[in-house]
Amino acid sequence: MAQTSLDKKFDQIRKREEEKTFSVKKRSRIVSKFLNNRLAVVGLIIFTIIILASLFAPLLSPYDPMRVDLRSMRQAPSFDHWFGTDSTGRDVFTRVLFGGRVSIFIGLGSAILSAVVGIAVGCYAGYKGGWIDVIALRVSEIFMSFPQIILVLLLVSITGQSLFNLMAIFILTGWGGMYRLARARMLSLREEEYVQALRSFGLSTFTICYKHMLPNALSPIMVNITLSTAMFILTEAGLSFLGLGVPLNIPTWGNILNVAQDILVLQNYWWMWGPVGIVISVFVLCVNFIGDGLRDSTDPSQQG
Amino acid sequence: MTTYIAQRLFIFFPMLFVISFLVYSGLELSPGDAVSHMISPELASTITAEQLDAMREAYGLNQSFITRYWIWLTSMVQGDMGYSMAGGVAISTIMAKTVPATLELSLVALFFSTILGCSLGVISALKRGSGTDNSLTVAGMAGVSIPEFFFGLVAILLFAIELKWLPVGGRLMPHYETVWDRIPNIVLPSLVLALMMTAGAMRYARSSMLDVLAREFITTARSKGMPEWRVNILHGFRVALTPVVVLIGFRLPLLIGGSTIIEQVYQWPGIGSMFIRSVRGSDYPLVMTISLMYVFVVLTASLVIDVLTALIDPRVRLGKN
């Protein structure tokens, strides 16, 4: 019998099986697809470096981010002060590192917490339907009728400025999107056969929607968490730049940039605002690359 | 079609009503009331509690919350927006001054970003997978990652301070009042705003164009021997552009958010910088009115989009019934 191309393929597979080359390759398809995306990998590396640098800030810099040193104010970048010093002699590089802690914490923390709230409501409401769903949908519509920054500013003016308030406001404005995403996934999963099977076994609603259905909805949610981390970091920077975000005594990326509102600083002391602006842009760009890579590698419609 | 519009309106008005109530309650939660803002710090020590109460009564602040809300709402509907706490200027006067400035800036930015975004998106789609496409995609990512105010600051430093081509900020210079005199002022803020918004339009135009190019009528047009540019422009582009028009409406919240910060950076005397000033100064009546106006604009825009989409695509309105 003539050997067809299928036979050849099969022989190859058998040969590889005998050589045990299959067991070496343990990476899942999602991971290897992500690793093949060059931008996402570069993003992940820089993202990790910036996070580690902020975490280990005290080891990387001998200066105190808050200590005022009037003898060395407004110095241009040098070997002692990599990003120079600001108008009160504080080391800008140290402040960028410590500011990263707060900014990333706010961005990532708000994104994860708003996802938790959105998923908790969205899963249950999407699966159960009924009045709970109608109410949650209407409430999320109310929040989404505001342009995001306007709602945030309105809430800031009502609650006043603090780190805690800002995160609460971010969660309040961010859960709606997550809720809608989780809900939409649940609506389509609800009709799947395995869900009907679980229901006929008599499992409780909570077990079905949080334990069995939620894992199948996680990948778009993960992508959304990454992208909203980027958005929250940008919003925090914008608000603090306006002087309406985190109180000025806490160093955040936005608060460091705040000095650039002064035209004299803008004109003469570029190091006080330039490097930190670049750090924000690079960090957010990396987060967006990671998010895009995650979307491409987890989206089943793109798998081939 | 009439039933569809009626359905949308049936959601629109209650929504506006509920939001106005929530915003008014938020105002109630904020510290102090109108009277405490009217009294200067020097007077505060000499004034007695009875006098304060008398003032509250005179201004109707002792009435119940619901009554006050109703009075506020009815006068709002009639066009009386109340007064700002800073200087006691009528809010309608402030609006009349600031809204045209914001409209001017936003429309110019919308115009440039739509043209730029659509053409770059279409180029990207036509050269799918090429170096041009990839670098445009990365540039688009950078566009959504750089904070708009930082981009604005760099532009000021470069074009206004170093090169001295354009003014640093503001809308009108004193004694320069013709249209031509005003153009240099609008160039920087509108271009910065436009560039920041181009990324979204580009991404949308690209995927919409790719969608259309995969359709059968494109293959048909090609098989007739039509030159490639005619296929792309006359057949592809025209069809792909219809949803992009809808996109202009969807980008409205983004435009509002972007213009708010850009106006502040460039000292543009629009509604955005006024909003920020009122938040800073705890000028609650003004904060409330401006945010409600934004909600009204966004809700109206989404209503118009819904109706337009239903007009273009009959499946939308039939699916709802």
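The model is predicted, so local features need pLDDT of at least 70 and side-chain atom pairs count only at pLDDT 80 or more, while totals for chains, interfaces and linings use all residues. Residues are numbered from 1 along each chain as its sequence is written, chains are lettered from A and ligands numbered from 1 in the order in which they are written, and side-chain values use heavy atoms, with hydrogens and water left out.

**View 1. Helix α6 of chain A and its neighbours.** Let's start with one helix: α6 of chain A covers residues 130–144, which makes 15 residues. Helices here are DSSP runs of H or I with at least four residues, numbered from the N terminus. From first C-alpha to last, α6(A) reaches 21 Å, close to the 21 Å expected at 1.5 Å a residue; the expected span is 1.5 Å times one less than the number of residues. Asp133(A), Ala136(A), Leu137(A), Ser140(A) and Ile142(A) are buried in this helix. Buried means under 20% relative accessible area, exposed means over 50%, and partly exposed lies in between, using a 1.4 Å probe and protein chains only. The buried residues of α6(A) pack against α5 (92–128) and α8 (163–189) of chain A, and also against α1 (2–29) of chain B.

View 2. Look for Glu141(A) and Arg138(A), which form a salt bridge with their closest N and O atoms 2.7 Å apart. A salt bridge is a side-chain nitrogen of Lys or Arg within 4 Å of a carboxyl oxygen of Asp or Glu. Both residues lie in α6 of chain A, 3 residues apart, or about one turn of the helix. Glu141(A) is partly exposed, at 22% relative accessible area, and Arg138(A) is also partly exposed, at 35%. Together with Arg180(A), these two residues are linked in a network of salt bridges.

**View 3. Asn165 in helix α8 of chain A.** Asn165(A) is found in helix α8 of chain A. Is this residue buried or exposed? Asn165(A) counts as buried because its relative accessibility is 19%. Leaving out residues up to four places away in sequence, Asn165(A) touches Thr159(A) and Gly160(A); contact means heavy atoms within 4.5 Å.

**View 4. Asp292 of chain A and its two arginine partners.** Within chain A, Asp292(A) forms a salt bridge with Arg295(A), the closest N and O atoms being 2.9 Å apart. These two residues are 3 residues apart in helix α13 of chain A, so about one helical turn separates them. Asp292(A) is buried, with a relative accessible area of 17%, whereas Arg295(A) is partly exposed at 31%. Asp292(A) also forms a salt bridge with Arg203(B), where the closest N and O atoms are 4.0 Å apart. This pair crosses between chains, joining helix α9 (residues 179–213) of chain B to helix α13 of chain A. Arg203(B) counts as partly exposed, at 48% relative accessibility.
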